[in-house]
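Reader: I'm new to this and keep meeting words like "contact" and "crossing". Could you walk me through what they mean for this protein?

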Amino acid sequence: MKYVRMALEVESPEELGYGTIRNNLSESSVSDRRVADLGVDLARLMLLYGPHRGAPALCELIASQSGWPDLAPACVLTTTGAAGALFIVATSLLRRDSHLVVVRPNYATNIETPRAIGCEISYLDLEFDSGFRLDVAAVEAALRPNTAYISLTCPHNPTGQMLPWTDLERIGRLAERHGCRVLVDETYRDLAYADPYRCAAGLSDRFISVSSVSKAYGIPGVRTGWLVTRDPKLQNLFLAAKEQIGICGSVVDEALALAALRQRGTWLTVSQRRNREHLEVMRDWIRGEPRVEWVAPQGGVVCFPRLKGGPGFSTARFYATLLERHGTYVGPGHWFERPDTYMRIGFAWPTRDELVSGLAGISAALDEQQA
Ligand SMILES: Cc1ncc(COP(=O)(O)O)c(C=O)c1O
């Protein structure tokens, strides 16, 4: 393994220091919650090693919330966040002589861990001009005899696009024919805007789903995620990896995650209402800001607009002004291996006022470029 720190972690607001940021539009979750919001009393929790697959009640709940009544709790393995699940999948399935097909841009771990392993990678580049849509024909064309898995993210980070369910099924059939797997990073699944999106792993044993309590529940400090597969042999391989990394999950984190998922219905209703309101703020701003264009998101809490730029436009100067003069922080394109004319805006984490003021800050920083 050859580890390299990822730009989005090096430059993350928690590493930069929250003190320098007034309007934080760089977060990719709903706003954070406190332990008190969970209504749990952990005083009697025994701090022993937990069951290696995850707390049974938690695995049961995750399975029952998958959208598949026949999905067994044994299909679920808890992990250290979705990041830990992605790491387990990559290190279990990829070797230097394997091949991976992965969507780009993407949450960086989906690309960086395979790179650290040193396998061959084919990228499926999502383009602004085609609405960041994934072309299933391109997925098929990228497959090779040594392809270990196809790596998708839905709802997508950073663009907020959804993969139509029928496309997912088509990709599943491709994987079946080629004998490879499909990894679906569905960390934002509970935040789809239209019909509820089911857990992809329910479709067939070709699929592996990954998620966590970080994004839709606003508790990323609880480092509990999970992976789901209907293939018991594969699950056993993932369990072996988990045991070598950390034996079991944190019993404290799993108790908190369980409490959050038990309130799923109420919490999601509240956060989805807020997301809709904040998305309207985004839409209004885009309508009135001719120097920025976007593909409106269909799920999640982020979007990936593009600055039109023009002669003499300096992205470095723009981002410096935005933070130093307007206290506003966004995720620049290079976090996602895209030009810095793109930026990820997280619209659900900030308060409405911070969002309005941050977007006004972007317009003001654009004015100052032209001055
Ligand atoms: C698409 C996606 N997957 C996985 C993660 C990792 O999330 P966590 O490890 O907090 O569950 C993130 C975090 O930003 C993400 O955006």
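This is a predicted model: local features need pLDDT of at least 70, side-chain atom pairs count only at pLDDT 80 or more; totals for chains, interfaces and linings use all residues.

Reader: How many residues does the contact take from domain 1 and from domain 2?

Author: There are 21 residues from domain 1 and 21 residues from domain 2. A pair counts as in contact if the C-beta atoms lie within 7 Å. On the domain 1 side, α12 (264-287) and β10 (302-303) each give two or more residues, and α12 has the largest share with 4 residues. That side splits into 10 nonpolar, 7 polar and 4 charged residues.

Reader: Which way do α5 and α6 cross, left-handed or right-handed?

Author: Right-handed. The axes of α5 and α6 come within 10 Å and cross at roughly 35°.

Reader: Which residues in α5 and α6 meet there?

Author: From α5 you get Ala83, Leu86, Phe87, Ala90 and Thr91; they meet Thr109, Asn110, Thr113, Pro114 and Ile117 in α6. By class, this contact has 6 nonpolar, 4 polar and no charged residues.

Reader: And how do you know which residues are around the ligand?

Author: The test is a C-beta atom within 6 Å of the molecule. Of the 13 residues around the ligand, Gly81, Ala82, Ala83, Ser212 and Ser214 come nearest. Helix α5 gives the most to this shell, with 3 residues. By class, the shell has 4 nonpolar, 8 polar and 1 charged residues.

Conventions. Residues are numbered from 1 along each chain as its sequence is written. Ala, Val, Leu, Ile, Met, Phe, Trp, Tyr, Cys and Pro count as nonpolar, Asp, Glu, Lys and Arg as charged, and the others, Gly among them, as polar. Two residues are in contact if their C-beta atoms, placed from the backbone, lie within 7 Å. Axes are lines fitted to C-alpha atoms, for helices over the stretch in contact, and angles run from 0 to 180 degrees between N-to-C directions. A crossing is left-handed if the near helix is turned anticlockwise from the far one by less than a right angle, and right-handed if clockwise.
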